[in-house]
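Hi,

Here is the structure I promised to pass on.

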Amino acid sequence: MPDPERLAAYRAKRDPARTPEPVPATDPDTPEVEGRTFVVQEHHARALHWDVRLERDGVLVSWAVPKGLPPDPKVNHLAVHTEDHPLEYATFEGEIGAGEYGGGQVTVWDHGTYEELKWTDREVQVVLHGERVQGRYVLFATRSKGAADDGRSWMVHRMDPPTDPAWTPLPTDLRPMLAQRGDLPPDDGTWAFEMAWGGVRALALVDGGRVRMWSGGDDVTGSYPEITGLGEQLGSTVVALDGELVALDATGAPDPERLSEREGVTGGSARRLARTHPVTYLVHDVLHLEGRSTVGRPYDERRALLDGLELSGRSWRVPPTFDGPGAAVLAAAADNGLDGIVAKRRAAPYRPGARSADWRHVPS
Ligand code: MN
C-alpha cells in the first residue's frame with residue numbers, strides 16, 4: 001500500500017505558482033495496474049546531476065546521481081535518494097527558475113521500461129530497457145561515516161558488462177603528442193594548419209559531467225575553476241581532450257605573463273584570478289571518446305569528432321584549422337602576434353608522448 005502522504009515532501013519544496021514542474025494537489029490512488037516506466041533526467045542545477053526515477057505504487061521513486069548511471073561495472077557512482085515525484089514528472093522538460101528549488105534546465109536523457117529483480121528499503125535491483133541504457137543495475141543504501149544514517153546516501157552499480165563490449169574507461173596515463181620544429185610543408189593538400197598559441201599544454205578528462213585537467217603529469221584542475229563548465233556542457237559524454245590554456249589580452253592575443261600568474265594557484269585565490277585573469281582552454285584534439293580510443297585514427301577523423309562535440313563556451317573553444325596555403329596562415333599568425341603555426345599531417349595518428357615529424361611547429 002502506498003504511503004498516503006507520498007508526495008508531501010515533493011509539494012513542500014515547490015510553489016506551483018513559481019515552477020513549471022507538475023505539482024498535483026492530491027496524492028495518487030493506488031494504481032490498479034502497476035506501471036513500469038523509468039526516466040533519467042539531466043538536470044543542470046547548481047551542480048549537474050542526473051535524476052533516475054522508477055515508477056512504483058503510483059509515484060516515481062527517485063535518486064539524484066551526480067555522475068549519472070555508470071556504463072561500466074568497474075565503477076560505482078554515488079546516488080542520493082530524493083523525494084518521490086508525481087508520475088507526470090516522467091515527461092517533464094523545462095527551465096526551473098533561478099532561486100527555486102532545483103533551479104536550472106531539465107531534459108529527458110533516457111526513458112523506457114524496467115523489470116524489478118529485487119526491491120527493499122535499502123536495495124533496488126532492476127533491468128533497464130531504455131534507448132540509451134540497457135542492462136541490470138543495483139541501487140543500494142550506504143551508511144555515511146560519522147553521520148546519522150538518513151537513508152539518503154546510496155550507490156548505483158551496473159551488474160552487466162558494458163553495453164558496448166569494446167568500451168574502455170578513460171586512460172589515466174595519456175601524454176601529449178609534441179611537434180618538431182621545421183619549415184613549412186608543401187601545399188599538397190596532405191597538411192592541415194593551426195595557430196601556435198604558446199600556452200600551457202593541458203589534457204582534459206571529462207566523465208559524468210566532471211572535468212579533470214592534467215598538465216605536465218600534474219592534476220591542475222584546482223587552478224582553473226572556470227573550465228568546470230566544460231564538463232557541464234559535455235553532459236554524459238565521456239571524452240579525453242588535448243589543448244592548451246591561454247590567457248588572452250584585450251586584443252585577443254595570448255599574454256604569457258598573465259597566464260603564468262595562474263600556474264600553481266588553487267582554492268579561493270584561483271577563483272579570484274579566474275575573474276581577473278581568466279584563461280581560455282583552446283581544444284585541438286580528441287584522444288578518447290565514449291569508451292573508445294581515437295588516437296589511432298587520422299587527424300582528419302579526430303578533427304571531425306572534435307567538431308561534432310560543438311565545444312563553445314566563455315572559457316573554452318575549438319580554434320579553426322586551415323587548409324592552407326601554409327605561407328598565408330603563417331603570415332596571419334605573425335600579424336596576430338602568435339608564435340607561428342603547427343602543421344599537422346592529415347593522415348597521421350596521434351602519437352601520445354612522442355615528438356613526431358607528423359606535427360611541425362613553424363615559428364613566425
Ligand atoms: Mn534534480
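Thr 294 sits in the loop that runs between strand S17 (292-293) and helix H5 (299-308); helices (H or I, at least four residues) and strands (E, at least two) are DSSP runs, numbered from the N terminus. Thr 294 counts as buried because its relative accessibility is 2% (buried means under 20% relative accessible area, with a 1.4 Å probe and protein chains only). A polar atom of the Thr 294 side chain lies 2.8 Å from the backbone oxygen of Val 286. Leaving aside neighbours within four places in sequence, Thr 294 is also in contact (heavy atoms within 4.5 Å) with residues including His 288, Arg 302 and Leu 305.

A word on the source: this is a predicted model, where local features need pLDDT of at least 70 and side-chain atom pairs count only at pLDDT 80 or more, while totals for chains, interfaces and linings use all residues. Residues are numbered from 1 along each chain as its sequence is written, and side-chain values use heavy atoms, with hydrogens and water left out.

Now the metal. The manganese ion has His 43 (ND1), His 49 (NE2) and Asp 51 (OD) as its protein donors, 2.1 to 2.3 Å away; donors are N, O and S atoms within 2.8 Å of the metal (3.2 Å for Na, K and Ca), and water is not among the atoms, so sites may look incomplete. Along the chain the donors of the manganese ion are spaced H-x5-H-x1-D. His 43 and Asp 51 are both buried.

Asp 51 also turns up among the contacts of Trp 63, as do Trp 50 and His 81, again leaving aside neighbours within four places in sequence.

Cheers

Methods:
Buried < 20%, exposed > 50% of the residue type's maximum accessible area, 1.4 Å probe, protein only. Polar contact = N/O pair within 3.5 Å; in protein donor to acceptor, adjacent residues only side chain to side chain.
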